[in-house]
Amino acid sequence: MQLSHIINAQYVLSLFSGYSLPSQSSLRGQEPIIVGDNVNENSAVSVPDQATLGYPRAVVLWHGLGDNYNSSGMNRVTEIFENLHPGIFVHSVRLDESPSADQQKSLFGNANNELDIACKQLQNITELQSGFDIIGFSQGGVFARALIERCSEVSVHNLITFGSPHNGVSELPMCEDPSDWFCKKKNEVLKRQVWYDSVQKHVIPAQYFRDPVDYEGYLEHSNFLADINNERAETNATYKENFSKINKFVMILFDEDTTLVPKESAAFEDYDPVTGLLVPFEQTRLYREDLIGLRQLHRAGKVDFFTLKGDHMTIPDSFLVEVGQKYIGSPY
């Protein structure tokens, strides 16, 4: 990759991230999981009175943009599920054994290559051979769904996603000050450069950028999302076949989300490019044409929606326990 491409890709990433370019040593996460009622990581999690029958189904976690597999938030989620389901095997997807390198790869890289790495990683773990549930946090939820569609070698039971851009992102995180001229100019620059090949193949969040106003540009240039959403003229039947086999698809939206724009993307909703009005889940093209099996799953009662109060990735312990009791750890 040429130096000019690297600089261009890093610049666009800085626009997505909303702050100055981080150095390798000072990289900070953009989507840390804030867990805990009142964000108290020391609160105890009680095990249900009813004993789990059989061996609990394994669970896989996939972190979000700027996070890493060994962060305090990810470890807290693991702790909650291990307390809830004694003996459960929990694996957190990592693209590198080094947490800092794993974090870097959530920002830079080719999403397709990273998905291939995860597919090979999971199919080689003995404890996952009989199937597993998977939870994706923000960007990790889109990767988890893509894994189900593309990686036929693994067997996923339930998919749970928190604030994930299933229908992409069409803007940067919202400007705190609506009159902030500089913030708005950054948005404009992003939209001019996001379809560059050097950006599409090297900046992870650019690969799920989807602007309904420039839908043709998205279909032509998207390196990742347009494919896994089966939105192009030539679709992949395997994606629909694999995804429609899962037991449950759970989508969780944050009602004050200012990071995921539009926030309704987390519920696979869309916006009309002409009217600017919200297109409900059942009226989207993906649902109506059943491009990946959403309609099939929904009509079979296999799609659940939840809305959490608060901003992006602010998740109370109590809700993780609820998810763990309802969707995680069922016996094989």
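## Contacts of Phe 243

Leaving out its neighbours within four places in sequence, Phe 243 is in contact (heavy atoms within 4.5 Å) with Arg 145, Ile 148, Glu 149, Leu 159, Phe 249, Ile 292, Leu 294 and Leu 297. The model is predicted, with local features requiring pLDDT of at least 70 and side-chain atom pairs counted only at pLDDT 80 or more, while totals for chains, interfaces and linings use all residues. Residues are numbered from 1 along each chain as its sequence is written, and side-chain values use heavy atoms, with hydrogens and water left out.

## Nonpolar cores

A nonpolar core is a set of buried Ala, Val, Leu, Ile, Met, Phe, Trp, Tyr and Cys residues joined through side-chain atoms within 4.5 Å, where buried means under 20% relative accessible area, exposed over 50% and partly exposed in between, with a 1.4 Å probe and protein chains only. The largest nonpolar core has 57 residues, and those that touch the most other members are Leu 122, Phe 132, Ile 134, Leu 147, Phe 243, Phe 249 and Leu 294. Helix α5 (residues 139-150) gives this core its largest share, six residues; helices (H or I, at least four residues) and strands (E, at least two) are DSSP runs numbered from the N terminus.

A second, separate core holds 26 residues, including Val 90, Ile 135, Phe 306 and Val 323. Val 323 is also one of the buried residues of helix α13 (residues 317-327), together with Asp 317, Phe 319, Leu 320, Val 321, Gly 324 and Tyr 327.

## The disulfide

In the whole structure, a search finds one disulfide, defined as a pair of cysteine sulfur atoms within 2.5 Å. Cys 119 and Cys 151 form this bond, with their sulfur atoms 2.0 Å apart. Because Cys 119 lies in helix α4 (residues 111-123) and Cys 151 in the loop between α5 and β5 (156-162), the pair ties together parts that are 32 residues apart in sequence.

The torsion about the S-S bond is about 75 degrees, so the disulfide is right-handed. Cys 119 counts as buried at 12% relative accessibility, and Cys 151 counts as buried at 4%.

## The largest cavity

What volume does the largest cavity have? The largest cavity has a volume of about 80 Å³, a volume being the space filled by probe spheres set on grid points joined across faces, edges and corners. On a 1 Å grid over the protein atoms alone, a cavity is a set of points where a 1.4 Å probe fits but cannot get out, and lining residues have an atom within 4 Å of a point. Among the lining residues are Trp 62, His 63, Glu 114 and Phe 143, and α5 gives the most to this lining, with three residues.

How values were computed
1 Å grid on protein atoms, 1.4 Å probe; cavity = no way out; pocket = protein on both sides within 12 Å on 5 of 7 lines; lining within 4 Å.
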